[in-house]
Structure formats: structure tokens, C-alpha cells
Amino acid sequence: MTSLVSCDTHGLQKRTRVCRHIVDTLVDRNPRGMHWTSDDDEEPCAWCTNCHTAYRNAGNEWTDDVMAALDEQVLCFSCFKLAQQINGFGAH
């Protein structure tokens with residue numbers, strides 16, 4: 001069953017999880033790179049290029065240190081798609 005979240009802008013949407021840097025991108029519109037699981041996943045996840053590098057440097061492990069730097073946040077699916085657009089993926 002898909003988890004839902006209520007967004008002040010988009011209403012009731014599919015829930016996604018992202019690093020805090022992706023949320024920063026939505027605020028300041030500065031691309032930070034974006035790596036994500038499939039949009040079709042029950043709950044897509046995304047992280048910025050810096051978090052991706054930290055993950056790679058940790059041997060492709062989501063260690064406690066990497067997760068602390070990631071500082072996971074929840075977004076609605078429409079906000080997730082907007083973050084993808086700001087980062088150069090999808091239609092503008």
C-alpha cells in the first residue's frame with residue numbers, strides 16, 4: 001500500500017523521502033544533483049550528489065554517519081518531481 005502525505009501546495013500525494021539538500025533545492029532553486037530510486041517505487045527516495053559521494057566513499061553503505069549527513073526528509077511526489085526538474089531531469 002502506498003504511503004500518502006498531505007502537502008500544503010499539492011494536497012494529498014504519494015510520500016517520498018529525500019535528503020535535506022533536495023529540500024534546500026526546492027527552497028533556493030539551486031541544483032545539487034539528484035539520484036533516486038524508481039518513481040514507480042511505493043515510496044521513492046532521492047539524495048543529492050554530495051550524499052551520493054558520501055555513500056560511495058562509505059563502501060556503498062548507508063552508514064550512521066552518511067544517514068546523519070543525509071538528514072532524511074519527507075516530500076510529496078509532486079515536490080519530488082519539481083526537484084527533479086530543477087536538477088535537469090524531466091520537462092521544465
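**Group meeting: a first look at this predicted chain**

Q84 is buried, with a relative accessible area of 3%; buried means under 20% relative accessible area, exposed means over 50%, and partly exposed lies in between, with a 1.4 Å probe and protein chains only. Leaving aside residues up to four places away in sequence, Q84 touches M34, W36, D39 and F89, and contact here means heavy atoms within 4.5 Å.

Residues are numbered from 1 along each chain as its sequence is written, and side-chain values use heavy atoms, with hydrogens and water left out.

Now to the chain as a whole. The protein chain has 4 helices and 5 strands, and from the N terminus on its elements run β-β-α-β-β-α-α-β-α. The radius of gyration is 13 Å, close to the 12 Å that the globule rule gives for 92 residues, so the chain is as compact as a globular protein of that length; this radius is taken over C-alpha atoms, and the rule is 2.2 Å times the number of residues to the power 0.38. Along its principal axes, the C-alpha trace spans about 35 × 30 × 20 Å. Of the 92 residues, 34% count as buried, and among contacts between residues at least 6 apart in sequence, 65% join residues at least 24 apart.

Let me return to helix α4 and its packing. Two packed helices are described by the angle between their axes and the distance between the axes. Helix α1 (residues 20–28) and helix α4 (residues 77–86) pack at an angle of about 75°, with their axes 10 Å apart; the axes are lines fitted to C-alpha atoms, for helices over the stretch in contact, and angles run from 0 to 180 degrees between N-to-C directions. The two helices, α1 and α4, are therefore roughly perpendicular to each other, given that angles under 35 degrees count as roughly parallel, over 145 as roughly antiparallel, 65 to 115 as roughly perpendicular and the rest as oblique. Which residues in α1 meet which residues in α4? On the α1 side they are I22, T25 and L26, and on the α4 side C79, L82, A83 and I86.

Strand β2 (residues 11–18) holds T16, a residue that counts as buried at 0% relative accessibility. Not counting residues up to four places away in sequence, T16 touches E43, P44, Q73, V74, L75, C76, F77 and F80.

Finally, two loop residues deserve a look. N60 has a positive phi of about 60° although it is not a glycine, and it is found in the loop between α2 and α3 (64–70). D71, in the loop between α3 and β5 (73–76), has a positive phi of about 50° and is not a glycine either. Is N60 buried, exposed or partly exposed? At 35% relative accessibility, N60 counts as partly exposed, and D71 is partly exposed with a relative accessible area of 35%.

Technical notes: This is a predicted model: local features need pLDDT of at least 70, side-chain atom pairs count only at pLDDT 80 or more; totals for chains, interfaces and linings use all residues.
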